[in-house]
Amino acid sequence: MFKTTPALASLATLVATLLATGIHHIFRLGPALILPTGVGLAVPIVLWALYSRSGKPALLWAYGAYAGLVVFWFGFLDGFLDHVVKAAGLENITFLPGSEEAVVGTAMQLWSQSASTAFYEGTGILSAILALLTVIATGVYVYRELPARAEPRQV
């Protein structure tokens, strides 16, 4: 049986958040965002792997800071304040361009405008949900790692 560790849960939720956010923004703005999405996905994987190998606290802090930025920008500002609030029928409260529109124009289209809108808004909501899971998983991971790293390693 496979046991999920806090480290793997953190990485999985962060990568899932970035993947959903990448698909969301590629759908809206076009394929020019494929490379930045790939780089954005690679950063936490590399930081996580380097920390796992070296145990250097700076890498854990960098990973945590990156996760925090992703959660704040893509999960809270874009996902929650733009898409969840809009889905709840509340008034737009963000400064993001185009977020005040009822139907946001997208670079890519599905079989109908309503399907395209549902996909776009749905991936925005999914980003917010995954970001919430990322906060929990990464918080547990960093919390559990810091005290362990504060103690001197035995050789």
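**View 1. The crossing of helices α2 and α3 is left-handed.** A crossing is called left-handed if the near helix is turned anticlockwise from the far one by less than a right angle, and right-handed if clockwise. In this predicted model, local features need pLDDT of at least 70 and side-chain atom pairs count only at pLDDT 80 or more, while totals for chains, interfaces and linings use all residues. Residues are numbered from 1 along each chain as its sequence is written, and side-chain values use heavy atoms, with hydrogens and water left out.

**View 2. Helix α2 (residues 34-54) packs against helix α3 (residues 57-87) at an angle of about 155°, with the axes 8 Å apart.** Because angles over 145 degrees count as roughly antiparallel, α2 is roughly antiparallel to α3. Axes are lines fitted to C-alpha atoms, for helices over the stretch in contact, and angles run from 0 to 180 degrees between N-to-C directions.

**View 3. Residues of α2 and α3 make the contact between the two helices.** From α2 come Gly40, Val43, Pro44, Leu47, Trp48, Leu50, Tyr51 and Ser54, and from α3 come Pro57, Leu59, Leu60, Ala62, Tyr63 and Tyr66, contact meaning heavy atoms within 4.5 Å. By class, this contact has 12 nonpolar, 2 polar and no charged residues; Ala, Val, Leu, Ile, Met, Phe, Trp, Tyr, Cys and Pro count as nonpolar, Asp, Glu, Lys and Arg as charged, and the others, Gly among them, as polar.

**View 4. The protein chain has 4 helices and 0 strands.** Helices (H or I, at least four residues) and strands (E, at least two) are DSSP runs, numbered from the N terminus. Of the 155 residues in the protein chain, 39% are buried, that is, under 20% relative accessible area (1.4 Å probe, protein chains only).

Key:
Buried < 20%, exposed > 50% of the residue type's maximum accessible area, 1.4 Å probe, protein only. Parallel < 35°, antiparallel > 145°, perpendicular 65-115°, else oblique.
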